[in-house]
Amino acid sequence: MAKTYNYTKLTGGTDGCLDALTDAIVEDGDFALGVVSGVQYSHYFDADSTTAASSPDVIEPIAGSGRWLIAPSHQAHQITPYYGVSWDESADTYVRTGSTAGQTCGVTLADAFLPVHRRLRRCVVTDAGEVAYYLSATDSTKKEGPAYAVGTITSDGTIPSDGDTVTIGNKTYTFKTALTPTEGQVLIAGSAAAAMQNLQRAIEHTGTPDTDYKCAAHHTQVDAAFDTLTVTVTSQVGGTTGNSYALSTTDANISVSGAFMTGGAANAPSDLTGTDGQVMVEIPKFWYRYGYSGTTHTWEVSPVPLTGFKVHEAFLSDTTEKDYLYV
């Protein structure tokens, strides 16, 4: 489901700027709403776009790829980001307002009409008040994000022999008593523990290249961690893709967790028992306006600050505004 973000500046590269929302944060199709110098804007993120930057129509993020493009049907002068309802207490009738004007009351509207409501997210919050993770929008027994495939390569403590290999996905590593050097070689360095740690360094391209190992770059499919005699590899891509990454070795004293990495899934399982934290709903900060004229009350909300609107009191802690509320 597309998410909606807010901004107060188009460029600048800092918090509150549209160009600070990079592909490390947002996904293709996400929206962003902002009011800049009194002008209201609406942009959507196109992960594949390479269009030259041209503010305000095309905003290039400060890192990564993609572009923020101004929404064709929501040019700055046309945007009405607020919405709400009016109730005539005399006639007991209801009418939608703002961006939902003309829509029938009493029916559920599509997310596109509800920029505040569509940003509500179920989550698990720790006792420290931090979000441990978000829950799937359609199934709370699963996390919002994917599960990553994992595998292990474990030594029994016997030093590998010169020429023994370990294959992880699309790359094979060869243990050597001395580097030739040839791509993929890993220095044994006198002990099983040292050899396994150098394997982890080769996968991650850390340590000392050309001394601990000979590899030109980080493994393209997995990340790795080392603990005593075990290297744990985790798919860089969430979901089931990593389940196809094969694991094998020619060393009789090294074992792999299975022929393939396992555990990758579209959504990782959640824990709703309280062990990870309390299940709550994250409500993003919004602004509201109330009006009363004749016999008609009007309540409206906006995801961005607008003239006549004020931050809802639930987001105020003394004089500090909170970005989110958890209930």
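The legends below describe close-up views of a predicted model.

**View 1. Confidence along the predicted chain.**
The mean pLDDT of the protein is 91. A value of 70 or more is reached by 96% of its residues. Residues 74–79 have a pLDDT below 50. Beyond near neighbours in sequence, this stretch makes 10 contacts in the model.

**View 2. The largest nonpolar core.**
This core holds 23 residues. The members that touch the most other members are Ile 153, Ile 168, Tyr 173, Phe 175, Leu 199, Ile 203 and Val 233. Two or more residues come from each of β11 (165–168), β12 (171–176), α1 (192–204), β15 (222–227) and β16 (230–235). With five residues, α1 gives the most to this core. Apart from this core lies another, of 16 residues, which includes Val 35, Ile 283, Phe 286 and Val 304. In soluble globular proteins, nonpolar side chains tend to be buried together.

**View 3. Leu 199 and its contacts.**
Which residues does Leu 199 touch, if those up to four places away in sequence are not counted? They are Ile 153, Val 166, Tyr 173, Phe 175, Val 186 and Val 231. Leu 199 is itself one of the buried residues of α1.

**View 4. Helix α1 from end to end.**
The helix has 13 residues, which should span 18 Å at 1.5 Å a residue. The end C-alpha atoms of α1 are 19 Å apart, which agrees with that span. Buried in α1 are Ala 192, Ala 195, Met 196, Asn 198, Leu 199, Gln 200, Ala 202, Ile 203 and Glu 204. An α-helix has 3.6 residues a turn, so residues three or four places apart point the same way. After α1 comes His 205, which has a positive phi, near 60 degrees.

Three bridges link β10 (residues 150–155) with β18 in the antiparallel sense. Thr 154 has Ser 255 in β18 as its bridge partner.

**View 5. Strand β8 and its two partners.**
Is strand β8 (residues 121–125) mostly covered or mostly uncovered? It is mostly covered, with four of its five residues buried. Strand β19 (residues 278–284) runs antiparallel to β8 and is joined to it by five bridges. Here Arg 122 has Val 281 of β19 as its bridge partner. Strand β9 (residues 131–134) also runs antiparallel to β8, joined by three bridges. Val 124 is partnered by Tyr 133 in β9. The hairpin of β8 and β9 has five residues between the strands, and in this hairpin Gly 129 takes a positive phi near 85 degrees.

**View 6. Ser 136 in its loop.**
Ser 136 sits in the loop between β9 and β10. Why does Ser 136 count as buried? Its relative accessibility is 8%, and buried means under 20%. Leaving out residues up to four places away in sequence, Ser 136 touches Arg 122, Lys 142, Lys 143, Glu 144 and Asn 267.

**View 7. The five-stranded sheet.**
This open sheet has the strand order β1-β2-β3-β5-β4, with mixed pairing. Its edges are β1 (4–7) and β4, and each has a single partner strand, so one side of each is left without a neighbour in the sheet. Strands β4 and β5 (residues 67–70) run antiparallel and are joined by two bridges. Opposite Ile 59 stands Trp 68 in β5.

Val 58 belongs to strand β4 (residues 58–59). With a relative accessibility of 10%, Val 58 counts as buried. Its contacts, leaving aside neighbours within four places in sequence, are Thr 51, Ala 52, Ala 53, Arg 67, Trp 68 and Leu 69. Val 58 and Thr 172 are 114 residues apart in sequence, and their C-alpha atoms are 43 Å apart in space.

How values were computed: Residues numbered from 1 in each chain as written. Predicted model: local features only at pLDDT ≥ 70, side-chain atom pairs only at ≥ 80, totals over all residues. Heavy atoms only, no water. Core = buried A, V, L, I, M, F, W, Y, C linked by side-chain atoms within 4.5 Å. Buried < 20%, exposed > 50% of the residue type's maximum accessible area, 1.4 Å probe, protein only. Contact = heavy atoms within 4.5 Å. Pairing = 2+ DSSP bridges. Expected span 1.5 Å × (residues − 1). pLDDT = per-residue confidence, 0-100.
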